[in-house]
Amino acid sequence: MEFDYHEAFSRNLGWVTEAEQEILRNKRIAIAGMGGVGGSHLLTLTRLGIGAFNIADFDQFELPNFNRQAGASVSHLGQPKLDVMSTLALDINPHLDLGKFPTGVDTDNLDDFLDGVDLYVDSLDFFALEIRREVFAACYEKGIPSVTAAPLGMGAALLCFLPGKMSFDEYFLLQGQSEEEQALRFMLGLAPAPQHMSYLVDDSRIDFNARKGPSTPMACELCAGFAGTYALKILLNRGEVLAAPRGIHFDAYRNKLATTWRPGGNNNPLQRLGLRIARKRVMASTGQGGGQQEQTRNTPLERILDLARWAPSGDNDQPWRFEIVDDAHVVIHANDTREWCVYDLDGTSSQIAVGALLETLAIAATGEGLRAEASLRPDSPEDAPLIDVRLVPDPGVSSRVLLPFIKARVTQRKPFTDTPLSSNQKQSLERAVGDGFSVVWIEGKAGRRRMAKLLFHSAHIRLTTPEAFAVHRQNIEWGVQFSEKHIPEGALGIDLPTRKIMRWALQSWKRVQFMNRFLAGTWLPRLQMDWRTALGCAAHFMIVADEPLESVEDYLAGGRAMQRFWLEATRQGLQFQPEMTPLIFSRYVTQSRVFTTVAPEQELATRVAGELSAILGGQETMSRGVYMGRVGFGPLPDSRSTRPPLESLLIDTGS
Ligand SMILES: Cc1cc2nc3c(=O)[nH]c(=O)nc-3n(C[C@H](O)[C@H](O)[C@H](O)COP(=O)(O)O)c2cc1C
């Protein structure tokens, strides 16, 4: 069958008239950049029936383009974007008149690039700000309207510069600014209502230095739809065209459309305020743990340890150091915090954490085709165990499915939704704990309420005993979003006023007593940290062992099971919070051990033990308890504990 323009684009008719379609056929649009948005622009505008284009790009398709660029596919790897996109467009309309600029746009070819052009559609790389300014300035001078559609998160922001109205330079005010400041101004100018930032889940993926940022295919397609519509309106002289200083930003993720008006562009007081906040945010994300630079690790063992250090530990204490003996042998020097930490009864919490470390290490080793064999040195002290880990090449080893989730695993202390887990989800979590362990679920409205009561009581002990106060005093790092060695204030899961009160109170035991006596001090944190969260989850769980845990090795195995469970929850996109205190206080009680000087709180612990045993259906199950927590659906935390660099965890004993 022969190509026929009228038939090919006849389904545009109705939204455009036949005469308008003919006008579009006779228009020429310049598109600089055939990447993320440019490729989609070209194909969309070709399907709109535009008859001629000037297109420019000097780049080739690479793998990282695959998530969003129209021409990025295996068969086009390594091929010039310009050639690929021309072929694709000509395949839609073989009569297209294409002016091709294979070296990209520059000052020398700018006049040719804009020759005979009716509209310029910007799709240069975000960071190509110098040449972008020049293209827009040339358009303005030549009376060519120009449109830029920016892919932002899962939305698109559109700005349009019309001859005689506000120019690109007047709006963005990039002249004379540093590169970083220019990038910030461009970003905030494009999106005066930066809706997308609220759901950015990993700041560290924005790398100003490497000129890299995260992107989505949806945003690029929305941009093409936006720019195509504006092309139609501008070229056919109809419909309302919002031009700078007005802008329009649709965010599909947030279901929101914002139209903005910023007279003065980036000089507008609102923009200046926004820029101040954005500068702070960039500083925070590049200076703090969230933006921690990835080190290149040379040996498989270094790469494995670099992942293993992300294992969880009580209060992020990381009770371990690594002694690298050779490329295939590392000694883990573990320790525990029983001396000063009331929650580390006989060092068992630390031992569970070390178990989690060993499991993480073993999973990380599978990524290198290695099997990790761990053995506890029998002669090493119980409070400072030494564990030899040997890496054995094993052709039978394949990367474990949990491997990609080691760094993503995180503690979320805010409430989740109460949507229940599916039976499939529960089954794969139950399988994850492995032989020797099983899972008890505490679910449903009634189950959650019983747990809420239990945690509320347990929290009273936490907040009113000097023994616990001594721990909390040092395990929270105030005023930060990321903390390498503790829990950052932001990850506590409580609102700002409560954080402020807690920060003040935790300065001294006297203040805590004062708060508790006169200001009902335990209520606010308990309601937020325990009650609300206990009700806000899919389920609480207890991992139980077949036999009560007794030796260090038992607890290490328990920690390994717990880490598999947590990583599997992460793999399923579930949020997770350990809830260990009721179990720990109950253990003190069952062993008839006194953990506090405050007699009523020791009494309350007895009640907690009774409640927990009732929830679990008896003392026997409780005695086999390994780990408790809650899981559910919800957003990721925006603040988390990070880890110090591997170097600071290495020790050299000289042996
Ligand atoms: C043995 C153990 C006990 C823990 N107990 C609690 C707990 O009772 N409540 C809580 O919110 N987090 C608890 N955590 C979570 C740690 O605080 C958290 O793993 C650590 O701060 C590192 O943060 P991350 O998990 O976000 O990487 C526990 C972790 C471990 C390994």
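Q: Which helices and strands each supply at least two residues of the lining of the largest cavity?
A: They are α12 (348–366), α14 (444–464), α15 (466–475), α18 (523–535), α19 (552–571), β18 (575–578), α20 (581–590) and β20 (640–641). Helices (H or I, at least four residues) and strands (E, at least two) are DSSP runs, numbered from the N terminus. This is a predicted model, where local features need pLDDT of at least 70 and side-chain atom pairs count only at pLDDT 80 or more, while totals for chains, interfaces and linings use all residues. Residues are numbered from 1 along each chain as its sequence is written, and side-chain values use heavy atoms, with hydrogens and water left out.

Q: Which one gives the largest share of that lining?
A: α12, with four residues.

Q: What counts as a cavity?
A: On a 1 Å grid over the protein atoms alone, it's a set of points where a 1.4 Å probe fits but cannot get out; lining residues have an atom within 4 Å of a point.

Q: Which residues lie nearest the centre of the largest cavity?
A: G314, D315, R413, I487 and P578, out of 44 lining residues. The lining divides into 21 nonpolar, 13 polar and ten charged.

Q: And the second largest cavity, what lines that?
A: T411, Q412, R413, K414, G490, A491, G493, P637, D638 and S639. About 50 Å³ of space lies in there.

Q: Switching topic: which residues have the most contacts inside the largest nonpolar core?
A: F565 and Y627, in a core of 89 residues. Such a core is a set of buried Ala, Val, Leu, Ile, Met, Phe, Trp, Tyr and Cys residues joined through side-chain atoms within 4.5 Å, and buried means under 20% relative accessible area (1.4 Å probe, protein chains only). α12 gives the most to this core, eleven residues.

Q: What does Y627 touch?
A: Leaving out residues up to four places away in sequence, Y627 touches I352, F541, M542, I543, M562, W566, F576, P578, M580 and L583. Touching here means heavy atoms within 4.5 Å.

Q: How many disulfides are there?
A: Zero in the whole structure, counting a pair of cysteine sulfur atoms within 2.5 Å as a disulfide.

Technical notes
On a 1 Å grid over the protein atoms alone, a cavity is a set of points where a 1.4 Å probe fits but cannot get out, and a pocket is an open set with protein on both sides within 12 Å along at least five of seven lines; lining residues have an atom within 4 Å of a point. Ala, Val, Leu, Ile, Met, Phe, Trp, Tyr, Cys and Pro count as nonpolar, Asp, Glu, Lys and Arg as charged, and the others, Gly among them, as polar. Grid points are joined across faces, edges and corners, and a volume is the space filled by probe spheres set on the points. Buried means under 20% relative accessible area, exposed over 50%, partly exposed in between (1.4 Å probe, protein chains only).
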